[in-house]
Amino acid sequence: MARYHARPTAPDAGAVVTDTLESIAREGARRMLERMLAEEVDVFLGRPRYAKGGAATGYRNGYGRQREVGIGTWSVPVRSPRVSDLPPGSEPFESSLLQPRRYLSQETQRLFARLYLEGLSSGDFEPAFRGLM
């Protein structure tokens, strides 16, 4: 009995370059977002990292759990910095970049709204986008 096996194909050079460029772009976006979050904490506390602050000004308290943030058509993993020990009566730190409980980017939300308006129901594309919701 003869067995038929598909010959393994070498990856296309164009696909390898595209995947490499996409991974570099994702890593750059992740680093840029984390740098911006760190600067946001510096502004909130009124001092750079490792600088001494005044009495009861708060301090950095590690990072929150990692979450996926939608950027364009893909997402990047980001950990949001935390701030603790703030003076009584002061507002807690809330990042203006990472909105709480926001799972889809604005562009993706607009796309879903447009698809809905054009007559596609959520059941038509729900299996394909289940990971995004």
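Predicted model: local features only at pLDDT ≥ 70, side-chain atom pairs only at ≥ 80, totals over all residues.

Biologist: Where does Ser95 sit, and what makes it buried?

Modeller: Ser95 is in the loop between strand 2 and helix 2 (106-117). Its relative accessibility is 13%, and buried means under 20%, so Ser95 counts as buried.

Biologist: How do you know that Ser95 makes a polar contact with Glu40?

Modeller: The side chains of Ser95 and Glu40 come to 2.7 Å, and the cut-off for a polar contact is 3.5 Å. The Ser95 side chain also reaches the backbone nitrogen of Leu98, at 3.2 Å.

Biologist: What does Leu98 touch, then?

Modeller: Setting aside neighbours within four places in sequence, Leu98 is in contact with Leu33, Leu37, Arg67, Val69, Val78 and Ser80. Leu98 also belongs to the largest nonpolar core, together with Ala29, Leu33, Leu37, Val69, Val76 and Val78.

Biologist: Which element gives the most to this core?

Modeller: Helix 1, with three residues. Helix 1 (13-45) and strand 2 each supply at least two.

Biologist: Which residues of helix 1 are buried?

Modeller: Ala29, Leu33, Leu37, Glu40, Val41 and Leu45. The buried residues of helix 1 pack against strand 1 and strand 2.

Biologist: How does the reach of helix 1 compare with what's expected?

Modeller: Helix 1 has 33 residues, and its first and last C-alpha atoms are 48 Å apart. The expected value at 1.5 Å a residue is 48 Å, so the span is close to it. Just after helix 1 comes Gly46, with a positive phi of about 80 degrees.

Biologist: Back to strand 2. What makes Pro81 buried?

Modeller: Pro81 lies in strand 2 (residues 74-84). Its relative accessible area is 12%, and the limit is under 20%, so Pro81 is buried. Not counting residues up to four places away in sequence, Pro81 touches Leu37, Val41, Gly62, Tyr63 and Phe93.

Biologist: How far is Pro81 from Glu34?

Modeller: Their C-alpha atoms are separated by 8.7 Å, while the two residues are 47 apart along the chain.

Biologist: Now the charges. What makes Glu27 and Arg30 a salt bridge?

Modeller: Their side chains meet at 2.4 Å, N to O, and a salt bridge needs a Lys or Arg nitrogen within 4 Å of an Asp or Glu carboxyl oxygen. So the pair passes.

Biologist: Why are Glu27 and Arg30 about one helical turn apart?

Modeller: Because they are three residues apart in helix 1. In general, an α-helix has 3.6 residues a turn, so residues three or four places apart point the same way.

Biologist: And which residue does Glu34 pair with?

Modeller: Arg30, in a salt bridge of 2.9 Å, N to O. Glu34 and Arg30 both lie in helix 1, four residues apart, again about one turn. Glu27, Arg30, Arg31 and Glu34 are linked in a network of salt bridges.

Biologist: Why is Glu34 called partly exposed?

Modeller: Its relative accessible area is 30%. Buried would need under 20% and exposed over 50%, so Glu34 is partly exposed. Glu27 also has 30% and is partly exposed.

Biologist: What does the salt bridge of Arg60 with Asp42 tie together?

Modeller: The closest N and O atoms of Arg60 and Asp42 are 2.1 Å apart. Arg60 is in strand 1 (residues 59-71) and Asp42 in helix 1, so the pair ties together parts 18 residues apart in sequence. Asp42, at 22% relative accessibility, counts as partly exposed.

Biologist: How many salt bridges are there in the whole structure?

Modeller: Five.

Biologist: And the overall picture?

Modeller: There are three helices and two strands, in the order α-β-β-α-α from the N terminus. Buried residues make up 18% of the 133 residues.

Methods:
Residues numbered from 1 in each chain as written. Heavy atoms only, no water. Buried < 20%, exposed > 50% of the residue type's maximum accessible area, 1.4 Å probe, protein only. Contact = heavy atoms within 4.5 Å. Polar contact = N/O pair within 3.5 Å; in protein donor to acceptor, adjacent residues only side chain to side chain. Core = buried A, V, L, I, M, F, W, Y, C linked by side-chain atoms within 4.5 Å.
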